[in-house]
Amino acid sequence: MKHTVYFIEGDGIGPEIWGAARPVLDAAVEKATGGKHKIEWREILAGEKALNETGEYLPQATIDTLRNAEFAIKGPLTTPVGGGFRSLNVALRQILDLYACIRPIRYYPGIVSPVRRPEKVDMIVFRENTEDVYAGIEYESNTPEAKRLIAFLRDELGADVDPAAGIGIKPMTEHGSKRLVRKAIQYALAKGKPSVTLVHKGNIMKFTEGAFARWGYELAATEFSGQTVVEAEETQYNNKLVIKDRIADNMFQQVLMKPELYSVLATPNLNGDYLSDALAAQVGGLGIAPGMNCSDQLAFFEATHGTAPKHAGKDTANPGSILLSGAMMLEQMGLQQAADLVQNAMLKTIASKKVPRDLAAQMEGGITVGCKEFGELLLAAL
Ligand code: NAI
């Protein structure tokens, strides 16, 4: 069986990390399925390679292909300076309505972590990706737009805003919140996870963040009534999925103090941005953290770091993030065994302490290997 996956190599270290990761993914699928499944890779262009070949950073052909695709994976893309885009990544998210950003966080023994018990962290963040203060509705202080908006707020709504303020808008909808929470609950049920925690700052922002939590509970009660239970409402959960919520600032304490109590987290955009990086740092794995962005149709996996220009062309980059994103993709395709093989190869290779420079520098007795050699070690560990 063939699985079509569109790939964008990416800029900077993109071609190197992709070159190291792709053979590992192919080999894992081959080994796990005895050759019955195969990934058919098809390249599409974006970023500097696209600019060189087509004259555009994000060619229409790429967008058209992705609109009809089920799976895609990408390396990092340089944000073009004066290229007409705020960021290619943001443009892709908006054009393709990739509303959920999903980041699993786990610990790989051997990696140096700033906390004492990093192995207790096993969480997956579902971050809303299209709304909140990221909507891009923002006006600089003392511009005519900001002044006009502030005047409207004062005159029409009686809101007292300093006329010299810069001002931004935080839209959050029932539709946007519910589709994100739905994805988190569906995932938790499919994987037999114990809980989904709605992370919000609703004690202060009642009608945006507070509404996010309320809509989340409402969705669980209406669409998943037989399978979910609200925390503390009952004493016996009977193996049902527990839905709970935490105020965002408390959540940052909780993940440090009692990480074992948390599993799937559903968050609005800004909370999720902060929390997913904080969690990845907690397990020492910011540089190898995998991620995906998805719509209802497309699962788009990506290296979560940037193009690391200082490593480009030097064979010193770490391919871990794009590889583990590829493993997430295999899992999503139903090739769980192949995904497990990649995870195990990563565990083994990191335990051997032969790792790229960024990891070796932090490890006691770490031995630095190049990006290519790390890929070969992973292949051998398979
Ligand atoms: P960056 O993530 O490229 O680099 C931050 C630091 O991490 C640097 O010290 C870099 O050398 C290191 N680093 C990152 N990935 C690494 C890897 N795989 N192996 C070893 N070291 C690694 O972030 P920066 O410098 O802010 O951005 C550089 C470019 O990347 C910019 O044009 C930015 O717009 C773009 N970018 C793209 C992203 C994406 O495509 N998803 C995300 C973040 C930045």
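Me: In which sense do β1 and strand β2 pair, and over how many bridges?

Reply: In this predicted model, strand β1 (residues 2-8) and strand β2 (residues 38-43) are paired in the parallel sense, with six bridges between them. Within this pairing, Val 5 stands opposite Trp 41 of β2. From β1 the chain passes through helix α1 (residues 14-33) on its way to β2, a β-α-β crossover that is right-handed.

Me: To which strand do three bridges join β1?

Reply: That strand is β3 (residues 71-74), and it runs parallel to β1. Here Ile 8 is the residue that stands opposite Lys 74 in β3.

Me: Why is β1 described as largely enclosed by the rest of the structure?

Reply: One counts its buried residues, taking under 20% relative accessible area as buried. In β1 five of the seven residues are buried, so the strand is largely enclosed by the rest of the structure.

Me: How is the span of helix α7 (residues 206-223) checked, and what is its result?

Reply: At 1.5 Å a residue, the 18 residues of α7 should span 26 Å, and the end C-alpha atoms lie 24 Å apart, which agrees. The helix also has a kink of about 30°, centred on Phe 212.

Me: Which residues of α7 are buried, and against what do they pack?

Reply: Phe 212 is itself buried, and the others include Thr 208, Glu 209, Trp 215 and Leu 219. The buried residues of α7 pack against helices and strands including α6 (174-190), β8 (195-200), β10 (241-247) and α9 (269-282).

Note on methods. Residues numbered from 1 in each chain as written. Predicted model: local features only at pLDDT ≥ 70, side-chain atom pairs only at ≥ 80, totals over all residues. Heavy atoms only, no water. Buried < 20%, exposed > 50% of the residue type's maximum accessible area, 1.4 Å probe, protein only. Helix = DSSP H or I, 4+ residues; strand = E, 2+ residues; numbered from the N terminus. Pairing = 2+ DSSP bridges. Right-handed = clockwise from strand over helix to strand, strands pointing away. Expected span 1.5 Å × (residues − 1). Bend = angle between axes of the 7 residues up to and from the residue. Contact = heavy atoms within 4.5 Å.
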